[in-house]
Amino acid sequence: MPATVVVGTQWGDEGKGKFTDLMAADMDYVVRYQGGHNAGHTLVVDGKQFALQLVPSGVLYPHITPVIGNGVVVDPHVLIAEMEMLAEQGVDCSKLAISGNAHLIMPYHIELDALHERHLGSGKLGTTKRGIGPAYADRSMRLGLRVQDLLDPKIFSEKLDVALNHTNKVLAKVFNRLPLAGEDIVAEYIEVCAPRLAPHIADTAGLLHEALESDKQVLLEGAQATFLDLDHGTYPFVTSSNPTAGGACTGTGIGPRQIDRVMGIAKAYVTRVGSGPFVTELFDDVGDHLVDVGGEFGTNTGRRRRTGWLDLVMLRHAVRLNSLTEIGLTKLDVLDSLAELKVCAAYELDGKRFEHMPYHQTVMHNAKPVYKELEGWQCDLSGVREAKDLPKQAAAYIEMIEAEVGVPVKLVGVGPSREQYVKR
Ligand code: IMP
């Protein structure tokens with residue numbers, strides 16, 4: 001049975017958790033493939049709100065095996081705290097499988113993330129300061145420690161010595177900070193975290209291949225999004241991993257021919273946290289309205305999100321980069337009270353029109369949006385459950401997206417709860 005990927009098509013916070021959770025009802029495995037606890041997935045089930053950072057969204061279903069793939073960077077303290085929070089709420093995490101090849105976020109990664117940002121000054125990226133970038137940098141430098149190292153205290157200490165030999169010099173000589181003591185880190189990671197995580201550490205690539213071979217349903221859950229992708233996003237204002245669908249292969253060990261469905265999640269408007277270009281950004285009352293009605297504050301960091309109109313140039317690019325087979329449109333209800341809606345059909349710079357993403361990012365930084373205007377529906381969508389009950393203006397908005405990007409919109413979110421959606 002082939003696997004399904006869910007991927008964000010904008011700059012994150014599209015509401016992937018809600019549709020992943022919905023699709024998980026028919027799945028056997030839900031797998032995170034990149035990122036770390038920079039992600040924040042909010043799920044509302046039976047009026048109870050769950051904010052997940054590392055544990056895959058499917059955990060709320062007892063029949064699901066949640067998997068943290070090799071492409072994820074794991075802060076063991078955060079993972080343990082999240083498992084404890086879920087246990088307190090009566091959610092069973094005993095089936096959680098964590099790849100032994102996933103890399104560990106170490107205390108110095110968190111310190112370095114904050115130091116890098118501070119030293120960048122006004123050029124800062126606006127990271128989540130969770131140590132994500134430095135952890136992936138160490139992975140590329142071959143200085144990283146992996147989850148499986150928790151199972152071997154001798155190897156853990158040896159690798160830590162090598163890493164600290166490098167990192168303590170950087171901390172002291174570049175940033176004028178005190179060096180970190182290896183023993184303190186060993187005590188935390190080997191004595192406190194390892195016993196708690198050991199039962200969950202597994203050969204997740206093998207597990208997923210066996211699952212696919214025995215016709216199980218596997219959902220690969222992206223965190224962050226297409227335009228935060230290290231290769232394809234608005235570099236350097238990106239995260240340090242590959243959220244695009246290709247990352248689902250490298251981040252889990254599943255081959256491309258084993259994926260046959262890729263759902264791109266698009267918010268009905270666009271938001272972004274942190275720095276970087278944003279062609280349709282709004283600085284007016286409509287932007288404030290989207291923040292207020294959409295509750296556009298970071299799940300993780302509480303930061304106010306930047307808001308703007310839906311950008312079809314981005315969405316067309318996301319269709320191509322991810323081989324999207326369908327779109328899940330979220331938060332359509334946030335547009336309910338607006339009389340007039342705009343969507344960006346193209347970018348324009350120096351008399352040139354771009355319907356597809358210009359390869360030169362300078363164009364994106366300076367481009368003006370070419371808007372298409374649509375009539376708002378000005379009624380409450382939160383109770384709509386059938387496509388036939390959508391007001392004609394809302395149906396027109398959805399059909400316009402389909403016509404512009406060439407992919408069907410299969411799910412439409414009309415409120416935060418699990419049951420507030422329309423299937424098309
Ligand atoms: P990092 O992933 O913490 O290194 O942050 C790099 C950029 O990605 C910053 O602009 C963050 O605000 C953004 N970012 C990281 N994770 C998320 C997310 O889950 N949603 C939205 N933006 C994110």
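Residues are numbered from 1 along each chain as its sequence is written, and side-chain values use heavy atoms, with hydrogens and water left out. Because the model is predicted, local features need pLDDT of at least 70 and side-chain atom pairs count only at pLDDT 80 or more, while totals for chains, interfaces and linings use all residues.

Let's start with His-41, which sits in strand β3 (residues 41-45); strands here are DSSP runs of E, at least two residues, and helices are runs of H or I, at least four, numbered from the N terminus. His-41 is buried, at 7% relative accessible area (buried is under 20%, exposed over 50%, partly exposed in between, with a 1.4 Å probe and protein chains only). Its side chain has a 3.4 Å polar contact with that of Ser-57 (N or O atoms within 3.5 Å, one able to donate a hydrogen and the other to accept it; residues adjacent in sequence count only if both atoms are side-chain atoms).

Now for the salt bridges (a side-chain nitrogen of Lys or Arg within 4 Å of a carboxyl oxygen of Asp or Glu). The whole structure has 18. One of them pairs Arg-305 with Asp-13, at 3.3 Å between the closest N and O atoms. Arg-305 is in the loop between α9 and β13 and Asp-13 in the loop between β1 and α1, so this pair ties together parts 292 residues apart in sequence. Arg-305 is buried at 6%, whereas Asp-13 is partly exposed at 24%.

Over in helix α5, Glu-158 and Lys-154 lie four residues apart, about one turn of the helix, and their side chains meet in a 3.1 Å salt bridge.
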